[in-house]
Amino acid sequence: MENKLRNLVKENTIQENYEKNHAILLGKQLGFSRNWISQHLNDLYNDGTFIKINSRPVLFLDRTTIQEKYNIVLKKRIYNSLEELLEECQTKNPQDFETLIGFDGSLRDVIETCKASMCYPPNGLPTLLYGPTGTGKSLIVQKMYEYGIHQQKLNSDSKFVHVNCSEYANNPELLTAYLFGYKKGAFTGADHDNPGLIQEADGGMLFLDEVHCLKPECQEKLFLFLDNGQYRQIGDNEHVYSSKVFMAFATTEEPKKALLKTLLRRIPIQICIPSLEERGEKEKTKLIVSLLEKESNQIQKEIRITSNAYQALLSTVYEGNVGELKNVIRQTCMNALFMNGNEKYVEINNLHLPHHINFHPYSIVQHKVLSLDELKKQIIPEFGIQVSKKITKWTLKLQNNEILIDEYFDKLFIYVSQFVNNAMFSDNKAVYASNLNVIDSLKSILEMVNQKYRKNLKDKEINSICMVFVEYFSNYSDVSKWDMEPYEVFISLVKKKYHSEFSFFESVSELISMHLNLECNNYIIACLALWLANIQGESKQHQRIGMIIAHGYATASSIASSVNKMLDHYVFDAIDMPLDTSTDLILEKLNEYIQNWNQIKDLVLLVDMGSLEQIYNHLNSLDANVAIANNVSTKFALFVGQGMLQGKPLKQIFEESIEMNPTTYKIMESREKEKIILCSCATGIGTAEKLKEILEDSLPSQLPIKVLTYDYSTLVKKQLEDDFFEGYEVLCIVGTLNPKIPNLKFVPIEELIVNESFGFLTNYFMDILSKEDMDLFQKNLLKNFSLTNIIMNLTFLNPNKLLEHVADSIDLLQKEMNTTFSNNMCFGLYVHICCLIERLVTRDGIDTYTKTLDECSNVFKEFYYHLKEAFHKVEKYYRIEIPIEEVEYIYLYIQNMKETSSNEDDE
């Protein structure tokens, strides 16, 4: 029956009846229940057969059918809409330069320069390509022509005229005549008019290959044409002709030695093409496979090659570069075809190689016969493919509770370090040589962000990061096709544990996108964040930040630099203000600076003059203490900096400073109250943070309300008397267990799941939101607060297994207690206990448990034994033990829900 389901989905996909591929319609056609259909659709999605469209209802399409129809490799397994999928499917096939092996690697700089020269107004710039024979200069020029057509810099009907000057080395006059044209009778044999190649190529491209073979006289005539686009035909001294033609040249000689200086001056773009050996093993491998594929198509037979023969081809140094490699491959295939009697395929071994190709008969390489597809997968590794496989493997183990989270990060750090080292010591010399400008820019970006985040990166670390980025961008055409879904758990875990490092590389990525027009995905950001956090040690969660603001060209910078050197720590940043700088501009710079920081504890501002209150009142919202003092000087800044490093309270620092420096200071810990929704969960601050993300995703972006988190135990103990709440107006608390704060609305997660608290939220925002925004808000709540979505977002463990285990245990608990829980209570327990299990598995934020059962009442002891019995399998499967304190939370939750239900019945 599963085959029938698969075939039906495939048939609908072929016929583009996509809307029929959802569980209800498929169930009706096959006569099975929706649940049975949904289960098998998801099984086929999980094994990669189907892709999923996350619409309403959810659709399933056959992956192979889509890929074959559009001739692409799908990047993802799940799409938000059909439009998103079709947009990816309609992506254009590679064209012009993108068809070249190495276009995003060793040839990147070459190609970028070629593109720029073609597009320079009005008719491009003359371009010379030089380098060893066989490096592909002619092919690159051909791709320049195709690029010009595609970019509409050349007309689609324009000509590409290729002239090999070496053919006329012994008869330069004939070449001159052919280039510029001649009149009938101009010389012996000129029995008709010939307009010349320059005129023939008008509006297109004229390519002079082996240009060093041109005699000086011809070069002189050529540079006169390059000056103004005008020339004379041989035998015609009366007329001046003109032609708008893009001129390209190629030579195997050193241009300065082979060409006249006067000609070189008129060719502004001169590009060196790297040799095959300089391009590295990866591109050499791709070239070998590509050439073998072409020969396979030529002879109409599958080609297979032994591992030893492949290694011999790979290790040979080809003096004739790609041209010689092409000839060697063709000769090898010819020998194999002639000597091989197998009619189905041609097998290449060492005996088929040309005599000058050296191979080692006792090579340590394991002997295998590889198809070209196997060669692509096994011998041409994608960027970081090994570490990505390890990440997928260990993330799955973590989700299935086979390892602890500390072991998970320890394992991945080893693999990520190897990945960074491989990039650092790669043999791909030409990639780095052709990306020197990119590397310099990357270093500048890293040093700039390094200062802001105070990571104190050493030169060695900056170089390592640069090499990883260069490798990443050199393989971007492969990396961009990755399905990111398998790495989402890894990314979220790294972002949570190493937030500062992740933010650091997010800022780097933004600047790379802005200045280099290159994009980084979150996978590479997470890898680098994990690597950096481990080599530097975990960063502090809260930091003291200092800023000096002073009028003058470099007054603030000078004070900050001097103090930082004397303290031997980077304590102060600086903003220099010309005398005519407005306060608004200063505040804009200061707010931009603050946004680069995560979880600031204390912000110290030292200014030379001005209104302290004005600066403070216009700072963006901060969850931090802010101290502002005026009359800054080097001596004063040094004193304050010492106090900051010693960890003294801000008030103590500034009270002591008055004795040595007359100053006015202000420390502010409260401000105009902002409206907030507070997330607080008994299962820990980590759960509250994830719940915050779900709520933020549901709220309209323009809503002037923030979502913040707070520790549950502290909230129960202090209520709203903590200093934290002085600057906020709490609208409601969302969480798993009611902290019972008088006159404050508590919204349990289970009510959002069953839609019971929508009324409170929507009524509260009714006057703030338009009808369209309110409808969107309600849709987001319905989508984001389904039970499955909540569990998937609040935990990293396998959500299906986790829910199944918890649901079974809660059923057992009801039997043990001889009672029945309401649906709301069950939903609340599902969420609470799933999050609790994750916290126990990861040991995230868990305090030392000290309570003993002897301290508890008999009623609680009875509940404790019931729960332990019901959750015995869960504890064993996840290798955890639910402590007494956590059992008490569950007990209180059940009692609280019963009381709430009883009160509602009484009303």
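Two strands count as paired if DSSP finds at least two bridges between them. Helices (H or I, at least four residues) and strands (E, at least two) are DSSP runs, numbered from the N terminus. The structure is a predicted model, in which local features need pLDDT of at least 70, side-chain atom pairs count only at pLDDT 80 or more, and totals for chains, interfaces and linings use all residues. Residues are numbered from 1 along each chain as its sequence is written, and side-chain values use heavy atoms, with hydrogens and water left out.

**Figure 1**
The chain has 907 residues, and 50% of them count as buried (under 20% relative accessible area; exposed is over 50%, partly exposed in between, with a 1.4 Å probe and protein chains only). Its accessible surface, from the Shrake-Rupley method with a 1.4 Å probe, comes to about 45,500 Å². Carbon and sulfur atoms hold 47% of this surface. Contacts are heavy atoms within 4.5 Å. Taking contacts between residues at least 6 apart in sequence, 71% join residues at least 24 apart.

**Figure 2. Confidence along the chain, with residues 538-542 picked out.**
The predictor's confidence in each residue, pLDDT, runs from 0 to 100. Its mean over the chain is 82, and 88% of the residues reach 70 or more. Over residues 538-542 the pLDDT is below 50. Beyond near neighbours in sequence, this stretch has 10 contacts in the model. Where pLDDT is low, the predicted coordinates should not be read in detail.

**Figure 3. An open sheet of 3 strands, in the order E2-E1-E3.**
The pairing in this sheet is mixed. Strand E2 (59-62) and strand E3 (78-79) are at the edges, and each has a single partner strand, so one side of each has no neighbour in the sheet. Strand E1 (residues 50-53) runs antiparallel to E2, and 4 bridges join the two. Phenylalanine 50 stands opposite aspartate 62 in E2. Helix H1 (residues 2-14) packs on the sheet and touches E1 and E2. The direction of H1 makes about 85° with that of E2; axes are lines fitted to C-alpha atoms, for helices over the stretch in contact, and angles run from 0 to 180 degrees between N-to-C directions.

**Figure 4. An open sheet of 4 strands, in the order E20-E19-E21-E22.**
Here the pairing is parallel. The edges are strand E20 (706-709) and strand E22 (745-748); each has a single partner strand, so one side of each is left without a neighbour in the sheet. Neighbouring strands of this sheet are turned by 30° against each other on average, direction ignored. Helix H31 (residues 685-698) packs on the sheet, where it touches strand E19 (674-679), E20 and E21. The direction of H31 makes about 170° with that of E20.

**Figure 5. Strand E21 (residues 728-735) and its bridges to E22 and E19.**
E21 and E22 run parallel and are joined by 4 bridges. Isoleucine 733 has phenylalanine 746 in E22 as its bridge partner, and glycine 735 has proline 748 in E22. On the pairing with E19, also parallel, there are 6 bridges. One of the residues involved is isoleucine 676, whose bridge partner in E21 is valine 730. Of the 8 residues of E21, 7 are buried, so the strand is largely enclosed by the rest of the structure.

**Figure 6. Leucine 25 in helix H2 (residues 23-30).**
Leucine 25 counts as partly exposed because its relative accessibility is 31%. Not counting residues up to four places away in sequence, leucine 25 touches Glu19 and Lys20. Isoleucine 37 is 12 residues from leucine 25 along the chain, and the C-alpha atoms of the two are separated by 9.7 Å.

**Figure 7. Serine 417 in helix H18 (residues 405-424).**
Serine 417 counts as buried because its relative accessibility is 14%. A polar atom of the serine 417 side chain lies 2.8 Å from the backbone oxygen of phenylalanine 413.

**Figure 8. Asparagine 896 in helix H41 (residues 884-906).**
With a relative accessible area of 10%, asparagine 896 is buried. Leaving out residues up to four places away in sequence, asparagine 896 touches Asn738 and Lys740. Asparagine 896 and lysine 740 are 156 residues apart along the chain, and their C-alpha atoms are separated by 9.6 Å.

Conventions: Polar contact = N/O pair within 3.5 Å; in protein donor to acceptor, adjacent residues only side chain to side chain.
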